[in-house]
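Hi,

Here is the structure I promised to pass on. Have a look at it first, and my notes follow below.

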Amino acid sequence: MARQRFSVAQTAEALFAPEEPDLANAEAVILLETPAPGIAAAPTRAIHRYGRVVIAPGSAARDNAPPVVSAGDAGLTLTERMGVHAFWRRRSDAFRIASQSRAGRFVAWGSGGRVAPAPPLGGATAPQPSNGLSAAGAMPSPTSERLQGEVAVGLIIVSGPGHLAILPDEMDEIVARMQEGCSILQAAAPAGDVVFNHEIHPVYLSLPDARATQDHDATEAPWRDAALAQIGQRGGRAGVLAYVTDLRRRLGTRWAYCAFVTKYSLTHFAYAWMDGPHLVLAAEPGHGWSQADLDVLFAHETCHIFGAPDEYKSSGCNCGTTHGVYGHANLNCQNCVPNGGELCIMHTNVKRLCDHTKRHVGFSAPPGGWPSA
Ligand SMILES: [Zn+2]
């Protein structure tokens with residue numbers, strides 16, 4: 001498929017707005033008789049797995065004439081039911097219209113009066129490469145080195161008392177946006193080999209809110225550790241890693257990470273820990289972004305977890321640093337690419353990954369190999 005290139009200058013002047021893919025319309029939901037731990041056991045190529053529920057490319061699913069699962073089906077686990085609800089929600093006009101009319105669409109992060117997501121946190125410093133470039137940022141966790149094959153993603157939705165409550169409809173919206181975010185990434189994978197294996201934990205706390213400080217770990221610790229305790233894990237970022245490692249073992253995947261979504265006060269509305277590995281999103285992001293941006297924010301932070309750097313101007317990026325498992329340079333960084341670079345989720349609110357970010361997250365190479373930089 002030929003890829004159209006859009007320049008940032010064009011979008012900044014709003015000369016035209018490229019259409020974003022309608023991902024849900026190219027997908028179908030099916031129910032397996034038994035859980036499928038590996039892709040070989042599945043009847044079709046999967047995009048998402050929620051227990052026995054598989055969301056697969058639409059045409060492949062139709063070819064296999066599977067039973068279509070409706071949102072009202074009984075006998076599903078909570079994760080399975082929420083996965084099905086999310087799929088049908090993504091197919092609704094309301095979801096599509098909210099996506100297409102979001103005010104920050106095609107706006108570069110940190111521009112137009114809107115705050116950028118926070119830079120990635122934690123992680124081991126990358127070794128110095130031998131090619132004269134300098135390593136920057138942090139190395140991905142051993143659980144998230146490459147966005148390839150089977151990936152487990154735990155979603156922990158942390159509801160609190162009073163105004164911190166996340167209502168059922170908001171829960172559904174969050175799960176749908178996380179599903180859409182994973183579909184954005186899967187659709188960008190050149191080899192089409194990424195499968196997201198989901199686990200969902202709505203958690204209800206009576207803990208009151210506390211004032212956010214500058215310290216990410218100290219600010220998230222009270223509600224994060226209380227949520228971890230409710231799902232049987234110890235606290236601290238070590239507890240998050242223990243959950244992620246356990247999730248990977250239980251779902252039988254090669255890679256794993258997790259996401260917390262909450263209304264508790266945060267240091268920032270969107271950030272990722274490289275060494276959790278986990279990301280944190282405000283259920284109501286604010287700062288110029290809405291709930292309809294949660295899918296792009298989730299996908300952006302996931303790219304960080306798998307090793308991708310920011311590319312927007314105010315991130316301070318430069319083209320001489322290398323990132324990710326391939327040690328690829330940051331060649332779509334707005335500060336050094338002559339035309340401002342091409343549209344990419346790492347510098348703009350858009351459901352698209354540039355070829356450089358595709359390498360940074362460690363996607364499998366396309367059949368013909370990566371295009372020359
Ligand atoms: Zn970022």
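What covers the buried residues of H3? Before the answer, please keep in mind that this is a predicted model. The cover for the buried residues of H3 includes strands S1 (27-31), S2 (48-50), S3 (53-57) and S6 (195-204), together with helices H4 (93-100) and H5.

Helix H3 takes in residues 78-90, and 11 of its 13 residues are buried, so that the helix is mostly covered. Among the buried ones are Met-82, His-85, Ala-86, Phe-87, Arg-89 and Arg-90. You will also find Glu-80 and Arg-81 among the buried residues of H3.

How do H3 and H5 lie relative to each other, roughly parallel or roughly perpendicular? Their axes come within 8 Å and cross at roughly 75°. Angles of 65 to 115 degrees count as roughly perpendicular, and H3 and H5 are therefore roughly perpendicular to each other. Where they meet, H3 brings Met-82, His-85, Ala-86, Phe-87, Arg-89 and Arg-90, while H5 brings Asp-172, Val-175, Ala-176, Gln-179 and Glu-180.

Now to the core. The largest nonpolar core has 95 residues, and the members that touch the most others are Val-151, Val-153, Cys-258, Ala-259 and Leu-281. Helix H5, residues 168-188, gives the most to this core, with eight residues. Leaving aside residues up to four places away in sequence, Val-153 touches Cys-182, Phe-196, His-198, Tyr-257, Cys-258 and Ala-259. In general, nonpolar side chains in soluble globular proteins tend to be buried together.

Strand S7 is worth a look as well. Eight of the eight residues of S7 (residues 255-262) are buried, so this strand is largely enclosed by the rest of the structure. Trp-255, Tyr-257, Ala-259 and Val-261 point one way from S7, Ala-256, Cys-258, Phe-260 and Thr-262 point the other way, and all are buried.

Which strands does S7 run parallel to? One is S5 (residues 150-159), joined to S7 by eight bridges in a parallel arrangement. Another is S9 (residues 278-282), which runs parallel to S7 and is joined to it by five bridges. Phe-260 makes a handy landmark here: Ile-156 stands opposite Phe-260, and Phe-260 stands opposite Val-280 in S9.

Enjoy exploring it!

Best wishes

Terms used. Residues are numbered from 1 along each chain as its sequence is written. This is a predicted model: local features need pLDDT of at least 70, side-chain atom pairs count only at pLDDT 80 or more; totals for chains, interfaces and linings use all residues. A nonpolar core is a set of buried Ala, Val, Leu, Ile, Met, Phe, Trp, Tyr and Cys residues joined through C-beta atoms within 7 Å. A residue is buried if 20 or more other C-beta atoms lie within 10 Å of its own, exposed if 12 or fewer, and partly exposed in between; C-beta atoms are placed from the backbone. Helices (H or I, at least four residues) and strands (E, at least two) are DSSP runs, numbered from the N terminus. Two residues are in contact if their C-beta atoms, placed from the backbone, lie within 7 Å. Two strands pair if DSSP finds at least two bridges between them. The expected span of a helix is 1.5 Å times one less than its number of residues. Axes are lines fitted to C-alpha atoms, for helices over the stretch in contact, and angles run from 0 to 180 degrees between N-to-C directions. Angles under 35 degrees count as roughly parallel, over 145 as roughly antiparallel, 65 to 115 as roughly perpendicular and the rest as oblique.
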